[in-house]
Amino acid sequence: MTKTKQTALKSTGGPAKRGQLPTFKVTAGPAGKLIINRAFPKALPPAFSVMKDVGKDIATKGITNVIRSAPEPSFWNDYCVLCRDGASLLYNCSHCPRTLCQKCVVIAEESVEEIKGSDVYFTCPGCHEMRGKRTSPYYGFEDAQGTPILTVHATINGHIELTSRSQICNSPILILNLILDGVNPSGSPARIMRNVLEPYVAGKNLQYHEVVFDIGTLEKAERHAKSMKALANKVKDIPFERVEIFVHTHSETIRGDLWGGFEDAALLGKKRKKVPNFDDPIAYTVDDFFQGVFVGGIEGYLKGANLWMLVCGQTVRELDAHEVEHVFAFGAERFHASLVAAFALAYTERVLVEGFEVRDTMPNLLAVSPQLGMHASVIIIQLNSAFRRRPITIVEYHKPVRLDEGKVSMTVTTYTFFDENCRPWGNVLPYQCLSCKCVRPWKRITPSIGRGAIVAESKFCCRNPKCGYDIAFTKPDKSKIILFTQGYRKSNDAGGMSTKGFNTGGSGWLVSVAAEPAGP
C-alpha cells in the first residue's frame, strides 16, 4: 500500500462561496488628509550641521500645485551616503537630501572655519556628478554663485558602491501585513522588508503591524473594525512617507473573489487544543473585501500606498478605485508568497533605502528573481495621478517635475519569464507528453532566439521514437524582450579539463504594457 500523509496548503487559490459583506460606516482616516507634495524653502539651507537625534520625526507638509521647477531639499537623510553610517557631524547637501560624514569627505584643517559660514553651501559628490562636473576637481563647498571656497580640493574616502542617484533614506515607513486567519505567513515578504529596514529607519518611524483578519460573519467583522480603529489611533501621529501594504489571502478560482473569512463552525479538537474548522470559506468581491478589511481609519493609508496582493493575479485590475500608487500581483494558479522573497529584498534595498522609483528598478528586481519567474508572472499596476505619498527622488531634484493634476490613468505592465528549454515564450511545458505520457520528453526543435534573430514560434517534439508528438508556442504580440542571457555550458574530459564550450538555451523576460483609464 502506498504511504500517505496530510500537510497544510500554502498556495493561495481555492473554491469558496460568495458572501454578502455587512454594512460598514466609512470614516476618514488621518492618512487620508495627507496629500502628496512637500513645502520647499525658497533659499538654499546652510551646508554645515550637527547630526540630531536619529529617531526624530520628519514632518510632511502638503502642496497642491503642479511642481514646475526642480525643488530644493527640506529634510536630509540621517546616514552618510558613502559609508551608510551615522556620525556626530554630517554635511547636508544643498541640492538634495543626501548627507556625508566628515570621515568620508575630508577637508584641510585650515579650511574648517571657512565652511561654517552661513553663505557656504555643500554639494555632495553625487550632485557634483549629476550637474555635469564629473571631469572637474571636487571641492564640495561653494558660495552662493557656485564658486569653490576651498583652495585645496576635498578628499573623498570611499569607493563606488551606489549610483550617483542613490541615497540612504530613513523617512517614516508603515508596513501593514494583513493575513487571513489560517494562512501560514512563514517567509512573508513583509517580514523580510521590516528586517532589512531596521538598520536604516530608527525607532517609531518604522511601524510594522501584522493583522490576522476574519470578516466571515457580522460579529467577526465588527471585532476586526474595532482592532483596526485601535491601530489607526496608534499610528495617526506619524507622518508616513511610505506605506507598504501586504495582503495574504486566497482567491476564489472561478470568479476571482477574495477570501474574507469563514462561517461560524464548531471547533475541532479537545479542550485547549481546539482549533477552528476552516472548511467553509466566505469570499467577497474585491471592492467589498477592501471595504470590510480596511476600516476604522486604516482605509486612508491606502491612498498613495504600494499594495502587494499575495494572491492569484486575476483580481488586481479591480483595485484602481482605492488610489494606491502601485499594485504588485503575481499570476500563478497556485501562488506561493515565499517565492517573492528575493524580489521583495531587492525592492526594499533599491526603492525604500536608495530611493528609486519602481519603474527604474524593475530590471534589478527581475534579475534576482528567476525562481519567482518560473512560478508566476509579475504584474505591476501603476496609478498615474496627481497624488503621491512618497518623497521626491534624487533625479527629480535635478530636473523640473510635472504632475498632471486631476488626470488619472492606469498602466498595467506584465513581466513574464521565459526559458528556451523549459518555459518557451513564458508558457509552461507539460510535465508529460500529452500523447505517450512519458516524463520530461521534450526536445527543442527551433530556438526562440538564435544568432540575434527572434523566431516567433518555438517548437518541441517528444523524444520517444514511437511517439513524435510535437507542440509549439508563439511569442506574445507587442511584447519586448529584456535581460536576455544566452546559456553557455562547458564539457570536461576525465581529468576535469575543459574541452569545448557550446551555447544552450537562453532566458530572459517578456514585457507587455497596457495603458487604460482607471475608471470613473
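Student: Which residues is Trp308 in contact with, leaving aside its neighbours within four places in sequence?

Tutor: Contact means that heavy atoms lie within 4.5 Å. By that rule, and leaving aside neighbours within four places in sequence, Trp308 is in contact with Met193, Glu244, Ile245, Phe246, Val247, Phe328, Phe330, Val340, Phe343, Ala344 and Tyr347. Please note that this is a predicted model, in which local features need pLDDT of at least 70 and side-chain atom pairs count only at pLDDT 80 or more, while totals for chains, interfaces and linings use all residues. Residues are numbered from 1 along each chain as its sequence is written, and side-chain values use heavy atoms, with hydrogens and water left out.

Student: What is a nonpolar core, and which residues touch the most other members of the largest one?

Tutor: A nonpolar core is a set of buried Ala, Val, Leu, Ile, Met, Phe, Trp, Tyr and Cys residues joined through side-chain atoms within 4.5 Å. Buried means under 20% relative accessible area, exposed means over 50%, and partly exposed is in between, with a 1.4 Å probe and protein chains only. The largest nonpolar core has 67 residues, of which Trp308, Phe330 and Phe343 touch the most other members. Helix 5 (residues 341-353) gives the most to this core, namely seven residues. Apart from it lies another core of 47 residues, including Leu174, Leu176, Val243 and Ile379.

Student: Where is the kink in helix 5 centred?

Tutor: The bend at a residue is the angle between axes fitted to the seven residues ending there and the seven starting there. In helix 5 a kink of about 25° is centred on Tyr347. Tyr347 is also among the buried residues of this helix, which include Phe343, Ala344 and Leu352. Just after helix 5, Gly355 takes a positive phi of about 80°.

Student: Why do the buried residues of helix 2 line one face of the helix?

Tutor: The buried residues of helix 2 (residues 189-197) are Pro189, Ala190, Met193, Val196 and Leu197. Seen down the helix axis, they fall within an arc of 125°, so they line one face of helix 2. The arc is that of the directions from the helix axis to the C-beta atoms. What covers these buried residues includes strand 10 (173-180), strand 11 (206-213), strand 12 (242-248), strand 16 (306-312) and helix 5.

Student: How many bridges join strand 20 to strand 23?

Tutor: Two strands pair if DSSP finds at least two bridges between them. Strand 20 (residues 442-444) and strand 23 (residues 457-462) run antiparallel and are joined by three bridges. Arg444 has Phe460 in strand 23 as its bridge partner. Strand 23 also pairs with strand 24 (residues 470-474), in the antiparallel sense, over five bridges. The bridge partner of Cys461 in strand 24 is Asp470.

Student: Is Cys433 buried or exposed?

Tutor: Cys433 counts as buried because its relative accessibility is 0%. Its place is in the loop between strand 19 (409-419) and strand 20. Leaving aside neighbours within four places in sequence, Cys433 is in contact with Cys438, Pro441, Trp442, Cys462, Cys467 and Tyr469. The C-alpha atoms of Cys433 and Arg463 are separated by 9.3 Å, and these residues are 30 residues apart along the chain.

Student: How many helices and strands does the protein chain have?

Tutor: The secondary structure comes to seven helices and 26 strands. Of the 520 residues of the protein chain, 49% count as buried.

Methods. Helix = DSSP H or I, 4+ residues; strand = E, 2+ residues; numbered from the N terminus.
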